[in-house]
Protein chains: 2
Amino acid sequence: MTARNRQWLLKSRPAHALSLEHFAYREQAFQAPHLDAGQVLVRNLAFSCAPTIRNWMNAADRSYRAPIGIGEPIFGPACAQVVRSEHPRFAPGSLLIGVSRWEDYSVIEPDQAFAPVLSVPEGMMPTDALGLYGLNSLTAYFGLLKIGRPQPGETVVISAAAGAVGSMVVQLAKLNGCRAIGIAGGRQKCTWLLQACRADGAIDYKSDDVAAALTGLAPHGVNVFFDNVGGELLQILVEHMAVHGRIVVCGQVSAYDSDLPAPGPRDMMRVVYGRLSIQGFVLGDFLDEADAARADLVRWFGEGKLQRHEDVRAGFDVLPTAFLELFSGGNRGALLVTIAAGA
Amino acid sequence: MTARNRQWLLKSRPAHALSLEHFAYREQAFQAPHLDAGQVLVRNLAFSCAPTIRNWMNAADRSYRAPIGIGEPIFGPACAQVVRSEHPRFAPGSLLIGVSRWEDYSVIEPDQAFAPVLSVPEGMMPTDALGLYGLNSLTAYFGLLKIGRPQPGETVVISAAAGAVGSMVVQLAKLNGCRAIGIAGGRQKCTWLLQACRADGAIDYKSDDVAAALTGLAPHGVNVFFDNVGGELLQILVEHMAVHGRIVVCGQVSAYDSDLPAPGPRDMMRVVYGRLSIQGFVLGDFLDEADAARADLVRWFGEGKLQRHEDVRAGFDVLPTAFLELFSGGNRGALLVTIAAGA
C-alpha cells in the first residue's frame, strides 16, 4: 500500500480563540504499519466537527487525559473503513465510528480508546452513522434519558441547543412528552429551533435577558437542564431550577476556547434547598446499551418522530475552516466533513 | 395559664461573624393564644444547637425561605411537649421534635413548617429524641444512605466530621463497611474522631495540607463526600473524587458566617470526566421513612454499633453562648441545651 496520507496537525496550543494559524497541513506517502494485537488500521471517510475537540487541544491538566500533542494529527470523531485488523470485533471492509485522527489513514485501538469505538450496522450510510445515529446523538440519548430522566410534562432546557448534541436533545425531549426550551446564539438559530426542531421556546443568549426569558417560559421552574455550555448560563439556570431539578453536565463549551475553567454554581445552598442534582457523564459508560439506543433512534426516524439536521461539507481541505464555524456561531445541527469517496 | 415566657430574640442581622451582641433577651408574661386548626402550642424542653440556625439569620435571598425576623425569637430544633393541640397527630402531653423557637412556649404548625415535625416515640428521652435519634442523626442517615449510597469497601469523606451530623455520618459509614475519613478543625477533634468515632482517618483542615492528606488517605479517590462545609474544602474534594463519585451536599457552614455564598466546583469538566454527581437534599423529603430510620438507629445503638456523642448543657440563659461554640470550634458531637425540668 503506497497511498498518500494527508494530515491536519496541531501546530500550536491555542491559549484563547482558535484560528487557522493553530493548524498545519502535511502530506506524506503512507507506510502501512505493523499492527499489534487489538489494533485496527482504518481509512477515514468522514469526520464530525464536535466542540469537544477544542477541549482536547488544551493542556493535559485541563482535559483530564493526554491532550493532542503539538505536531500530531487532530483527534476527531470519524466514520472509517477497516483496512486491516488485529481486533476480533472489527473485520476488514466493515465500517466503524469512533475518535480517529484528521488524516486519511489511522491506527486505532478500540479497547484503549478514550471514547467509544462502535461498529456500524450493515447498510447504514457513513454520514448517518456519524451524524443522525452517531456519537453526538448517542450522547444526547443517554444524557437526557438516563441521567436527566425527564417525565412527560416536565420542562427541559438545553444550552447550545442548535448544536449536534443539543438539537437532538430538543427532539428527544419533545418525543418524551416534555416542554423543550433551547438556548442558542442568534435569532436565526432560535427560529430554526422553533421551526425545524419544534422547540416550545427558544432563548437567544446574545440578545435576550436569559433570566427574564426563563421566568417567562418556565414559570414553574426547570426540571431538567442539559448543559453543553456551562459558565454564566449554568449559574443562571441553577437559580431557575424547580425543586428536585436535574442538571445534566455534558460539556462546558464556554470554557474550551479560554484558559480558564468553567466554574459551577455560585451558591451551593441553592443546590441544598432546591434538592438539585448535578451530574456529569460520558458516553463511554453506556457502551453496552449503544446498539439498543441506535435501534431506538433508527425506529423513531423511520416513524417520522426525529428529523435529520446535518450540514455535510466535502473535502479534506475544509476540515479546519468547518471546525472553526462551531465557534463563530454559524452551525446548526451536526456538521460533517466527508474526505473520501463512498462516505 | 399565666406562666413566664423567656425568649432569645435576633437583635440584629449578623453580616459576618456572629457574637452575643446579635441576641437580645426578653421575658414576658405568657398569654395563652387562640389556636387555629393545624396549630400546636408546645412547651419547649430542650434545644439542639445546629449550624444551620446561623444560616436562617441571613437575609431571605440567601436562605431560600423567610429568615428569622429582627426582634423575633431565634428558630431552632427542639424537643417540646404538647400543651394544647388543634392538630390530629399531636396529642396534649406527648413529645415532638421539630424546629421551634428559642422561648418557653411556642405555637408551631407541623404541616406548614419548613422542617419536619416528628412525634417522639413513647419512652424515648427528650435529649435522645433531640440528639442521638434527632433531626441531625436523621439528616446523616438519609444523606449518607439514600443520597450517597455507599457500598462496602468504599471510601467516605465527611467535612465538619466532629459535628452532630458529621460524627453520625462517620459512624454510619463505618457501620456500612466503608472507610471513613473525617475532616475537622484542630488536633483534639481529629483525635476524638479516630478514637471515639472509630474513623479510619482524620484531617485537621486548620494545620494539615488537606489535598496531600487526601492523596495519602484515599489514594484511589473518594467515592462519597458528605459535605457540611463547602467552599475551599468542596473544591479540593472535587479534585480527589473517584470516577462515579457522589458528593452529598448537606450544608455549607463555611458560608453561613459570611456575606458571600459558598461557590461550587472551580472546573465543571472535572464533574464531566469524573462522572461525578453533586446532590443537595433536605430531611423534609424523607418524612415517610423517618420512623423506620429511627428504628434502625435505636436498634444499632442497642447492639453497640453506634455511640452516643453529645454535650448537654442546662439553662435557658446559656443558649447563645452554647450556640456560639459551634463557630469557635470547641464542639464535638451534638450540642444540646435543656431549658426545663423533665428534659
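The model is predicted.

Chain A contains 12 helices and 15 strands. Its radius of gyration is 20 Å, close to the 20 Å that the globule rule gives for 343 residues, so chain A is as compact as a globular protein of that length. The C-alpha trace of chain A spans about 65 × 45 × 35 Å along its principal axes. Of its 343 residues, 53% count as buried. Contacts were also sorted by their separation in sequence. Among the contacts in chain A with a separation of 6 or more, 65% join residues 24 or more positions apart.

The two chains touch each other. In this interface, 28 residues of chain A are in contact with 28 residues of chain B. On the side of chain A, helix α10 (268-273) and strand β13 (277-280) each supply at least two residues. The largest share comes from α10(A), with 5 residues. By residue class, the side of chain A that touches chain B divides into 16 nonpolar, 8 polar and 4 charged residues.

β13(A) pairs with β13 (residues 277-280) of chain B in the antiparallel sense, over 3 bridges. Within this pair, Ile278(A) has Ile278(B) as its bridge partner.

In chain A, strand β8 (residues 155-159) and strand β9 (residues 179-184) pair in the parallel sense over 5 bridges. Here Ile158(A) is bridged to Gly182(A) of β9(A).

Strand β8 (residues 155-159) of chain B and β9(B) run parallel and are joined by 5 bridges. The bridge partner of Val156(B) in β9(B) is Ala180(B). Strand β9 (residues 179-184) of chain B has 6 of its 6 residues buried, so the strand is largely enclosed by the rest of the structure. In a regular strand, side chains alternate between the two faces of the sheet. Both faces of β9(B) are covered. Arg179(B), Ile181(B) and Ile183(B) are buried on one side, and Ala180(B), Gly182(B) and Ala184(B) are buried on the other.

Val271(B) is found in helix α10 (residues 268-273) of chain B. It has 28 C-beta neighbours inside 10 Å and therefore counts as buried. Leaving aside neighbours within four places in sequence, Val271(B) is in contact with residues of both chains. These are Val249(A), Ile278(A) and Gly280(A), together with Pro265(B), Leu276(B) and Ile278(B). The C-alpha atoms of Val271(B) and Gly245(B) are separated by 9.3 Å, although the two residues are 26 residues apart along the chain.

Two helices of chain A also pack against each other. Helix α4 (residues 135-148) and helix α11 (residues 290-302) of chain A meet at an angle of about 100°, with their axes 10 Å apart. α4(A) and α11(A) are therefore roughly perpendicular to each other. From α4(A), the contact uses Ser137(A), Leu138(A), Tyr141(A) and Phe142(A). From α11(A), Ala290(A), Ala293(A) and Leu297(A) take part. The residues of this contact divide into 6 nonpolar, 1 polar and no charged.

Antiparallel pairing is also found within chain A. Strand β3 (residues 40-48) and strand β4 (residues 75-85) of chain A pair in the antiparallel sense over 7 bridges. In this pair, Asn44(A) stands opposite Ala80(A) of β4(A). β4(A) is also joined by 7 bridges to strand β5 (residues 95-101) of chain A, and these two strands run antiparallel. Cys79(A) has Ile97(A) of β5(A) as its bridge partner.

Terms used:
Residues numbered from 1 in each chain as written. Chains lettered and ligands numbered in written order. Predicted model: local features only at pLDDT ≥ 70, side-chain atom pairs only at ≥ 80, totals over all residues. Helix = DSSP H or I, 4+ residues; strand = E, 2+ residues; numbered from the N terminus. Rg over C-alpha atoms; globule rule 2.2 N^0.38 Å. Buried ≥ 20, exposed ≤ 12 C-beta atoms within 10 Å, placed from the backbone. Contact = placed C-beta atoms within 7 Å. Nonpolar A, V, L, I, M, F, W, Y, C, P; charged D, E, K, R; others polar. Pairing = 2+ DSSP bridges. Axes fitted to C-alpha atoms, helices over the stretch in contact; angles between N-to-C directions. Parallel < 35°, antiparallel > 145°, perpendicular 65-115°, else oblique.
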